[in-house]
Amino acid sequence: MQKILVARPIFPDVVERLKQYFEVDWNDGPALDSDELARRLADKDGAITVGDPIGAATLAQAPRLRVVANMAVGYNNFDMPAFNAAGVLATNTPDVLNEATADFGWALMMACSRRIAESEHWLRAGEWRAWRYDGFLGGDVYGATLGIIGMGRIGQALARRASGFAMRVVYHNRSRVAPEIEAALGAEYLSKEDLLRQADHVVLVLPYSAQSHHTIGAQELALMKPTATLTNIARGGIVDDAALFEALRDKRIAAAGLDVFEGEPNVHPGLLTVPNVVLTPHIASATESTRRAMANLAADNLIAALGVGPRAGQPPNPINPEVLGKARS
Ligand code: GLV
């Protein structure tokens, strides 16, 4: 039987499914450090990871490894040139999380613009003595301008929701989406700078890469309206969290909603001290059905890539399909 590593806690019934095909080594505990991960991968044919970094050194120590299935749509934890050089397949879990993640982006944007977390903390602290006409005044969402940076599948799902709020939708992306998609979404392409100047609510949903590192830093924050909000449901590192903290502290923008952080699970200490930010622990895809779908899709990818199951040899979500069928190097 082929051997696999499930590197993180996942739904036990998905691990049971994997046991029908493989001898499973399951780390149902805290994330493995890089040495332990490499040690546990050394005799494995495949693995399921959730954001665990895998690079050339780890792949070199795992000569049998043929596939690593990430239970996430983002795969910046994989060094793809190293996967390609080693002839190891990488897979991810796109699409199944689009709607849940877009819902959550919307929830964070609404929560920070309407000051829901801040006022709730105040209420819990026993501060509510009387209703005031100027208590927790926020910014409008209905009729405002939504700026989406990253118009992929999740960005488009966000944009679709905007029509019910009568919003103007502007977007920025590495490349313009097809004119018929722009027309269907009612979305207008802008440069990043123009988007930042015009949007009332900026939502980030672009993949992390060396090129997208600090897409939003001090310079970009300075372009935003003082009444604007910034929501990050993409990846830590896309925003310069230190610069964002300063902008929030100095009220240079109104508020932020953050689900992802530089160096998470650590959070920039300043962000914990400012009231105008809503902070959540990387849960944008966290609905029962979506997380189950992601776990099952990661399992489908692994099973198929290792040549067993109903789709043997045809994993649904190869990131580097060019290595399929080639020998490991
Ligand atoms: C979550 O962050 C994902 O990439 O799926």
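A: Lysine 251 is placed in the loop between α11 (241-249) and β11, where helices (H or I, at least four residues) and strands (E, at least two) are DSSP runs numbered from the N terminus. The model is a predicted one, in which local features need pLDDT of at least 70 and side-chain atom pairs count only at pLDDT 80 or more, while totals for chains, interfaces and linings use all residues. Residues are numbered from 1 along each chain as its sequence is written, and side-chain values use heavy atoms, with hydrogens and water left out.

The phi angle of lysine 251 is near 55 degrees, a positive value in a residue other than glycine. As background, most residues other than glycine have a negative phi, and most peptide bonds are trans.

This stretch can be set against the domains. An automatic or database domain assignment divides the chain into domain 1 (3-96 + 288-323) and domain 2 (98-279). Their C-alpha centres are 32 Å apart, and eight residues of domain 1 are in contact (heavy atoms within 4.5 Å) with five residues of domain 2. UniProt, in an unreviewed entry, lists residues 107-284 as "domain: D-isomer specific 2-hydroxyacid dehydrogenase NAD-binding"; its positions follow the numbering used here, feature names are shortened, and annotations may be inferred rather than shown by experiment. Over residues 107-284 the chain is 30% helix and 16% strand, with 10 Å between the end C-alpha atoms.

Within that span, alanine 117 belongs to helix α6 (residues 116-124). Although 160 residues separate alanine 117 from valine 277 in sequence, their C-alpha atoms are 8.2 Å apart in space; leaving aside residues up to four places away in sequence, alanine 117 touches Ala111 and Val278.

Turning to the ligand, the residues around it are Ala72, Val73, Gly74, Leu97, Arg235, His282 and Met294, each with a heavy atom within 4 Å. This shell is made up of four nonpolar residues, two polar and one charged, in a scheme that counts Gly among the polar residues. Polar contacts are pairs of N or O atoms within 3.5 Å: an oxygen atom of the ligand is 2.6 Å from an N or O atom in the side chain of histidine 282, a ligand oxygen is 2.7 Å from an N or O atom in the side chain of arginine 235, and a ligand oxygen is 2.8 Å from a polar backbone atom of glycine 74. On its own the ligand has 190 Å² of accessible area, of which the protein covers 85%, by the Shrake-Rupley method with a 1.4 Å probe.

Terms used: Polar contact = N/O pair within 3.5 Å; in protein donor to acceptor, adjacent residues only side chain to side chain.
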